[in-house]
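Try each task before you read its solution.

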Amino acid sequence: MTTDKILREALADHITASGDLRSPEWRQAVLGIPRHEFLRGGFFRRTDEGGRTGWEPVGPENPAWLSACYSDDSLVTQVAGTVMPTDIEGRIYRQPTSSSTLPGLVVRMLEELDVGDGMSVLEVGTGTGYSTALLCHRLGDELVASVEVDAEVSGRARVALGRAGHFPDLVVGDGLRGHPEGAPYDRLIATCGVLHIPAEWIAQVRPGGQILATVGGWLYSSELARLTVRQNGTATGRPLGGAVSFMLARPQVPHRWGSCPT
């Protein structure tokens, strides 16, 4: 057994023990999808020195890279909206803008999504493509669509998904508007935080279908919520409990003090 497969087994065992991984279908997905293929461009490791938080790149040439790819941790993959690990040497002092979410949370959300064979899913926030690949493994590429606002991030995810043997419908655009061309969907899952559930999401999920998203505010209080779409075009649901935090969808990120939207 190769090193990465051993690490996948250990990761699956870990998130099973934590209670996040509960079903054999999603366990097979975790075992079948190589997370490191979605982090070939490296990630940023946090540093805290001199009272400042910085980020330094860690790439495949680093001996710690592969084991970190299979840790149950979120790994920052973009800083300041454009900067990737391969873009710099040394350290950068800016805010993270994209990451590979910790696998335990990814799998917990997929379990909560309650998908079944033959269901179609719209994912909002492709990111590295790892969660997209898990969905493809479980449902089949033809039933998965994923929207990403950042064209470069989406492009890298497409390449990584191809390396893993998956070719879902990848869309570059504002995920808050969904992807009406593929609607209606049985499920919608958002891997970014939102301040409210967009009406477009509700309209694009069939009655009886479900929406799973992290809803919060600008002060970083947030909660994972699951809503069921009704026949009358509304959706109702409840928080699921447990601390869940995602970067806000970029169109909903608050403007800096003294600036105005254009």
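**Exercise 1.** How many helices and strands does the protein have?

*Solution.* We're looking at a predicted model, where local features need pLDDT of at least 70, side-chain atom pairs count only at pLDDT 80 or more, and totals for chains, interfaces and linings use all residues. Residues are numbered from 1 along each chain as its sequence is written, and side-chain values use heavy atoms, with hydrogens and water left out. Take helices as DSSP runs of H or I with at least four residues, and strands as runs of E with at least two, numbered from the N terminus. That gives 7 helices and 11 strands.

**Exercise 2.** Find out what radius of gyration a compact globule with 262 residues would have, and check the protein against it.

*Solution.* Start with the rule: 2.2 Å times the number of residues to the power 0.38, with the radius taken over C-alpha atoms. For 262 residues this lands near 18 Å, and the protein has 18 Å, so the two agree. Next, look at the spans: the C-alpha trace covers about 55 × 55 × 30 Å along its principal axes.

**Exercise 3.** Work out which residues of helix 5 are buried.

*Solution.* Call a residue buried under 20% relative accessible area, exposed over 50%, and partly exposed in between (1.4 Å probe, protein chains only). Across the protein, buried residues make up 50% of the 262.
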